[in-house]
Amino acid sequence: MEPVALSREDARRVAVRAQALTADRPDGVLDTVRRLGLVQHDPVAAVAPSAYLVLWSRLGSRFRPAQLDDALDALDLVELSGLIRPAQDLVLYRAEMAAWPLPDAPDWQHATWQWLQDNRRCHDDVLEALRADGPLTATELPDTCARPWRSSGWNNHKNVQMLLAVMTESGEVAVAGRRGREKLWDLAERIYPDEPPLPVEEARRERDRRRLRALGLVRWTAPTTMVEPLGAGDEGVPAVIEGVRGRWRLDVSWLDEPFAPRTALLSPLDRLVLDRVRMERVFEFDYTLEMYKPAAQRRWGYYALPVLHGDRLVGKVDAKADPAGGTLTVHAVHEDGEWSTAMRADVQAELDDLARWLELDLRLPG
C-alpha cells in the first residue's frame with residue numbers, strides 16, 4: 001500500500017484530535033478514559049497526581065477527582081499495572097493473563113515465573129488471606145517467601161509487593177482501591193468483569209487497533225515497553241510525514257474530523273508527549289521531565305507542564321501546588337519562540353482554571 005503523505009501540521013492535528021485536546025471536549029470521566037484508552041496512575045503531586053491532571057486537561061475545572069475515584073469504586077474503571085482502564089477492556093487481557101508467561105515472552109518473564117514457583121507457599125498464603133479478609137494492603141499480607149526477591153534497585157527484598165505484581169500479571173489478584181497512598185488488593189475474580197476473554201492473538205490485534213485510535217499516529221517501529229507499547233503493530237495504514245524521518249502508522253479516520261483549536265496545560269505523563277521521540281519529531285518540542293535531575297541542572301523546573309496551543313507545543317509552565325498553604329505558585333512560564341498577546345492570555349486563562357480546580361490562590365512570577 002502506498003503510504004499516506006502528511007504535512008507536519010496534518011500529523012500534529014491527528015495526534016491532538018485523537019487525544020481529545022481540541023475545543024470539542026469529552027462528556028465526562030468515563031467518556032474521556034474510553035477515548036484515551038488509559039490514564040496512568042502516578043502518585044507524584046507537585047501540581048496534582050498525573051491521572052487527575054490528564055482528566056482536567058480534557059474536562060477543565062468541572063472535573064472533580066472524586067468522579068474518577070467513584071468510577072474506580074464502582075468498577076467501571078480498573079487499575080492494571082499502574083494504568084487505569086475501562087473495565088470492559090479487561091476481556092482483551094485475561095486470556096494472556098491465564099497463559100502467562102506465553103512462550104514468546106521475554107526471558108525476564110520466565111525467570112519471574114520461576115521465582116513465583118519457588119515461592120508457591122507464599123503465593124497460596126496471600127490468596128488465602130485475600131479470600132478470607134480482602135481487600136488488604138501489601139503490608140497486611142504474609143511474607144512467607146522462601147526465596148527473597150533480589151534486585152539492584154529499590155524493589156530489593158520487597159517480596160510481597162513483587163509477588164502481587166506477578167500475580168497481577170497472571171490474573172489472580174487485582175487492585176481493589178486505595179487506602180491513602182497504599183493499594184488495596186483483592187482476588188481478581190471479585191474485581192474484573194465476568195465475561196469471556198478474547199483469544200490471545202485476537203485480543204492483541206484489538207489492543208493495537210484501540211491504541212492507534214487513541215493516539216492517531218504512532219511510530220511503525222516504536223519499542224515495546226514493559227507496561228504499554230508505544231506502537232500499534234500493523235494496524236492502520238502506513239504514512240510518511242513531510243520533513244520528518246521514520247515510518248508511521250495512521251488512523252485515517254482522524255483526518256476527516258474538524259479541528260477546533262484550544263490551549264491546554266499537560267501532565268508530563270500525558271500520552272500526547274509520552275513518546276518523546278514522536279514528540280520531538282512531529283511537534284519539534286524539546287522537553288524532559290526534570291524531577292530526577294539535581295536542581296542546578298534543570299532548565300524548566302521540577303515538574304514543568306507542557307503547553308499545547310492549537311496543534312503546537314509552545315512552552316512549559318513551572319508550577320508548584322501547596323495545598324497546606326493554599327497556593328498554586330508559578331515559578332516561571334517558559335516560552336518557546338515568540339508568543340503573541342493572545343497566546344499569553346490563553347495560557348493565563350488555563351492557569352486561572354487550574355487554580356480554580358485545585359481551589360488554590362494563584363501566584364504568578366514577579
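In what order do the five strands of the open sheet run, and with what pairing?

## Basis of the model

This is a predicted model, in which local features need pLDDT of at least 70 and side-chain atom pairs count only at pLDDT 80 or more, while totals for chains, interfaces and linings use all residues. Residues are numbered from 1 along each chain as its sequence is written, and side-chain values use heavy atoms, with hydrogens and water left out.

## The open sheet

The five strands follow the order β10-β11-β12-β13-β14 with mixed pairing; strands are DSSP runs of E with at least two residues, helices are runs of H or I with at least four, and both are numbered from the N terminus. Two strands count as paired if DSSP finds at least two bridges between them. Because β10 (263-265) and β14 (361-363) stand at the edges with a single partner strand each, one side of each is left without a neighbour in the sheet.

Strand β12 (residues 312-322) pairs with strand β13 (residues 327-335) in the antiparallel sense over eight bridges, and Asp318 has Ala332 in β13 as its bridge partner.

## The second largest pocket

The second largest pocket holds about 320 Å³ of space; a pocket is an open set of points on a 1 Å grid over the protein atoms alone, where a 1.4 Å probe fits, with protein on both sides within 12 Å along at least five of seven lines, and lining residues have an atom within 4 Å of a point. The volume is the space filled by probe spheres set on the points, which are joined across faces, edges and corners.

Its lining comprises 21 residues, of which Arg34, Gly37, Asp89, Arg210 and Arg211 lie nearest the centre of the pocket, and α9 contributes the largest share, six residues.
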